[in-house]
Amino acid sequence: MKRIITSLAMAAAVMLPQFVSAQTHYQPSMAVQQSQREFVADRFGIFLHWGIYSMFGQGEWYLNNGLLHSEYSKAAGGFYPASFDARQWVSAFKDAGAKYICFTTRHHDGFSMWHTEASEYNIVDATPFRRDILKELADECHRQDIKLHLYYSHLDWGRDDYPWGRTGHTTGRDSLLGDWASYRRFMDRQLTELLTNYGPVRCIWFDGWWDHDKDSVPFDWQLPSQYAMIHSLQPACMVANNHHQHPFEGEDMQIFERDLPGENTAGLSGQAIGRLPLETCNTMNGMWGYKVKDTNYKDAPTLIRYLVRAAGMGANLLLNIGPRPDGCLPDQCLERLRLMGQWLRANGETIYGTEAGDFHDTEWGTATRSGNRLFLHVFDNDCGTINVPITCKVKEAKEFATGKKLKFVKNKDKSITLSLEPRHKDSIDYIVELTTVPEK
């Protein structure tokens, strides 16, 4: 199965179109385009929100809830994740079927999870743990062929040189005006470290632009030059920015937060869908960082169907985990990862390396495509038949799991009505494979 999936991913890299942005001047290099094709074929990644905020068990925004940074930062002196094991983490992600991870190198609280020389407020210099978490994780990703993406916060609630924005007003900073030139030098120095000392990085994933958005005081983040620096340091590294806007100049993928492309139930993803690779990030429970009281985890069938729906829209799913302060992944997360991996080993051929289906979600499910194979993912089928709104010719229909042929009839509007076999009521995803012929 692994060999088959690998071959499909390689084929997809050839079949998938060249990604073009709506940007005026920037066009991705050949190296970035290759990263884009590999990224799209991957379809499934793991997001990791981890820092000293995990010690409080209140989520990653805890510092913004009325705490002074001078007191909050003292928690670093007790941060000792004795159970952290990069090999166990990456092995669990790989077994789950994930192809890449995105690790929070520095969140809005400003604490760096690598041994940076730009600040002593980091995992090696400020904690008794004194180990470079990112180095261990990066090395293990490279060993196990899991691609590495790095989250980096554009905003900082603790540094005096960060210009005053919409958030972080209660953290006790000495200066409200900031010093943008100083802060920009600090960020560029850190980004240079990340792209120089930790091997191949497939994406820098920014967050925080919205702290100085269009509704606040006018502010120039000077992103084009920063993006150009990233592309010069690692020519194959993609740039992404979780700004909730249409892609900016120099960006290589488009992010949707807590919603699939075209949806906006959380109020964070109302932007139009562009022509760049798409990724939706979402949580297993309700929080990004570890929150001890938040045990409302989505069950495995819900997560699998969300992954399938994302693929049906031509998007990747970046599924978040908030590790505990001791360095362990929550048991609930591990169990769901195990079940997702089990499902993907049987059905990954219908997800990895596929394109969006020929139609949007229907009342019964969605679809993914690989060449002349259209995979119907049926989540809801109580009547035994479904209408498939396609216009291409269908040569054959069969159950993906068994290969058993299914009957269908073509309708006047070129759609087909497909007869399905009875299935167990608890089935996560009944998959039908259609062999199609392109329209002339």
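Colleague: Is the crossing of H6 and H7 left-handed or right-handed?

Modeller: This is a predicted model, with residues numbered from 1 along each chain as its sequence is written, and local features need pLDDT of at least 70. Side-chain atom pairs count only at pLDDT 80 or more, while totals for chains, interfaces and linings use all residues; side-chain values use heavy atoms, without hydrogens and water. Helices (DSSP runs of H or I, at least four residues) and strands (runs of E, at least two) are numbered from the N terminus, and a crossing is left-handed if the near helix is turned anticlockwise from the far one by less than a right angle, right-handed if clockwise. By that rule H6 and H7 cross in the sense called right-handed.

Colleague: How are H6 and H7 oriented to each other?

Modeller: Helix H6 (residues 180-194) packs with helix H7 (residues 223-233) at about 20°, the axes being 11 Å apart. Axes are lines fitted to C-alpha atoms, for helices over the stretch in contact, and angles run from 0 to 180 degrees between N-to-C directions. Angles under 35 degrees count as roughly parallel, over 145 as roughly antiparallel, 65 to 115 as roughly perpendicular and the rest as oblique. H6 and H7 are therefore roughly parallel.

Colleague: Which residues of H6 and of H7 make the contact?

Modeller: Contact means heavy atoms within 4.5 Å. The H7 side consists of Ser225, Gln226, Met229 and Leu233, and the H6 side of Arg184, Met187, Asp188, Leu191 and Thr192.

Colleague: How are H4 and H5 oriented to each other?

Modeller: Helix H4 (residues 86-95) and helix H5 (residues 133-143) have axes 9 Å apart and an angle of about 45°. The two are therefore oblique.

Colleague: How many charged residues does the contact of H4 with H5 have?

Modeller: H4 brings Ala86, Arg87, Trp89 and Val90, and H5 brings Glu136, Leu137, Glu140, Cys141 and Arg143. Ala, Val, Leu, Ile, Met, Phe, Trp, Tyr, Cys and Pro count as nonpolar, Asp, Glu, Lys and Arg as charged, and the others, Gly among them, as polar. On that division the H4 contact with H5 has five nonpolar residues, no polar ones, and charged residues to the number of four.

Colleague: What is the class make-up of the contact of H8 with H9?

Modeller: The H8 and H9 axes come within 9 Å and cross at roughly 50°. Ala300, Leu303, Ile304, Leu307 and Val308 in H8 meet Arg336, Leu339, Met340, Trp343 and Leu344 in H9. By class these residues are nine nonpolar, no polar and one charged.

Colleague: Which are the edge strands of the open sheet of eight strands?

Modeller: Two strands pair if DSSP finds at least two bridges between them. The sheet has parallel pairing in the order E5-E4-E3-E2-E1-E8-E7-E6. The strands that pair on one side only are E5 (238-242) and E6 (254-257).

Colleague: Which residue in E8 stands opposite Ile46?

Modeller: Strand E1 (residues 44-48) and strand E8 (residues 315-321) run parallel and are joined by five bridges. Opposite Ile46, the E8 residue is Leu319.

Colleague: At what angle to E8 does H8 run?

Modeller: Helix H8 (residues 300-312) lies across E1, E7 and E8. Its angle to E8 is about 150°.

Colleague: Why is one side of E12 and of E14 left without a neighbour in the sheet?

Modeller: These strands belong to an open sheet with antiparallel pairing and the order E12-E15-E14. E12 (385-388) and E14 (408-410) are at the edges, so each has a single partner strand.
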